[in-house]
Amino acid sequence: MDKIVISNIEELIKNINELPNSCIFRGHANSNYELQSPLERACGNKFSRKFASQCEEYSFDQFSARFHLYDKENIQPKSRLEWLSIMQHYGVPTRLLDFTTSPYAALYFGLETYDIINRPNISLYSIDYSQLMDVSLSLISDADNNFNETRKSIIGKQDDIFKETLDRFNRDILWVTEPQRLNARIDRQAGCFLVSGDKGARIEELINSPKYSSVDIVKYEIEEKLIEGIFTLLRKMNISGKSIYGDLTGLAKSISLEFKVYSA
């Protein structure tokens, strides 16, 4: 993973605009935070394939068994990844790591929980989706002579392929997907997920492993002095909690972020 320190807004915009359209992004409120799934964080020092699997199965069974009691939209998830995405949407720790195809939405998420008192640097991660998926598909082919899918042929069936070729065998291979049926919030955020096929493999370890060394993965560390400038940039682009969430939660987050930035 490459690292680039950003010290002015013009440099940030230039770097973002030079990236290809095949990139996905994630923003962090503190540049010291790792690329870590909610399930990794929840398991803490007990994280292992066995413990993570037990936690996921327990959460899945509890959530899916009672889902119909609370579902007001008559949704019926069709795949494991769809279930996990809904669980994560409502706050259950899963092994899905949220990404977005919009660098500016990612920057917003970097600001949303920013610690305005201690003022750390924030970070923006960029991963070339096309390169990563080409490597992952090649790794699957190396392990399974009958697998002949390409990045083009997997469109619309990423969830099924993940279930049958990665999750089933706990392969330590990364996968990028979005639920086959998007909820409105994920759609607004241009959201997608990065996930490991091995429940016991940490995402950042896989990203930094030799097998993904050919993939363009960049961590932009953005100096804290740019926080207000980034907020102003996003506001001019009409990117706020209101546009990201589209509900009263988003309105509240938008107001809260304004207080946070202007009280610094």
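On a 1 Å grid over the protein atoms alone, a pocket is an open set of points with protein on both sides within 12 Å along at least five of seven lines, whereas a cavity is a set of points where a 1.4 Å probe fits but cannot get out; lining residues have an atom within 4 Å of a point. Grid points are joined across faces, edges and corners, and a volume is the space filled by probe spheres set on the points.

The model is predicted, so that local features need pLDDT of at least 70 and side-chain atom pairs count only at pLDDT 80 or more, while totals for chains, interfaces and linings use all residues. Residues are numbered from 1 along each chain as its sequence is written, and side-chain values use heavy atoms, with hydrogens and water left out.

**Exercise 1.** Describe the largest pocket by its volume and its lining.

*Solution.* Step one gives the volume, which is about 880 Å³. Step two turns to the lining of 34 residues, among which Arg26, Gln88, Asp98, Phe109 and Tyr245 lie nearest the centre of the pocket. In step three, the elements that give two or more residues to this lining are found to be β2 (23–28), α2, α4 (80–89), β3 (97–100), α5, α8 (184–188) and β6, where helices (H or I, at least four residues) and strands (E, at least two) are DSSP runs numbered from the N terminus. Step four sorts the lining into 16 nonpolar, eleven polar and seven charged residues, with Ala, Val, Leu, Ile, Met, Phe, Trp, Tyr, Cys and Pro counted as nonpolar, Asp, Glu, Lys and Arg as charged, and the others, Gly among them, as polar.

**Exercise 2.** Describe the largest cavity by its volume and its lining.

*Solution.* The structure holds one cavity of 30 Å³ or more, and the volume of the largest cavity is about 60 Å³. Its lining includes Ser37, Phe47, Arg95, Asp198 and Lys199, and the elements that contribute two or more residues are α2 (38–43) and β6 (191–196). By class, five lining residues are nonpolar, two polar and four charged.

**Exercise 3.** Determine how helices α1 and α5 are oriented to each other.

*Solution.* Helix α1 (residues 9–17) and helix α5 (residues 103–112) pack at about 135°, their axes being 11 Å apart; axes are lines fitted to C-alpha atoms, for helices over the stretch in contact, and angles run from 0 to 180 degrees between N-to-C directions. Angles under 35 degrees count as roughly parallel, over 145 as roughly antiparallel, 65 to 115 as roughly perpendicular and the rest as oblique, and α1 and α5 are therefore oblique to each other.
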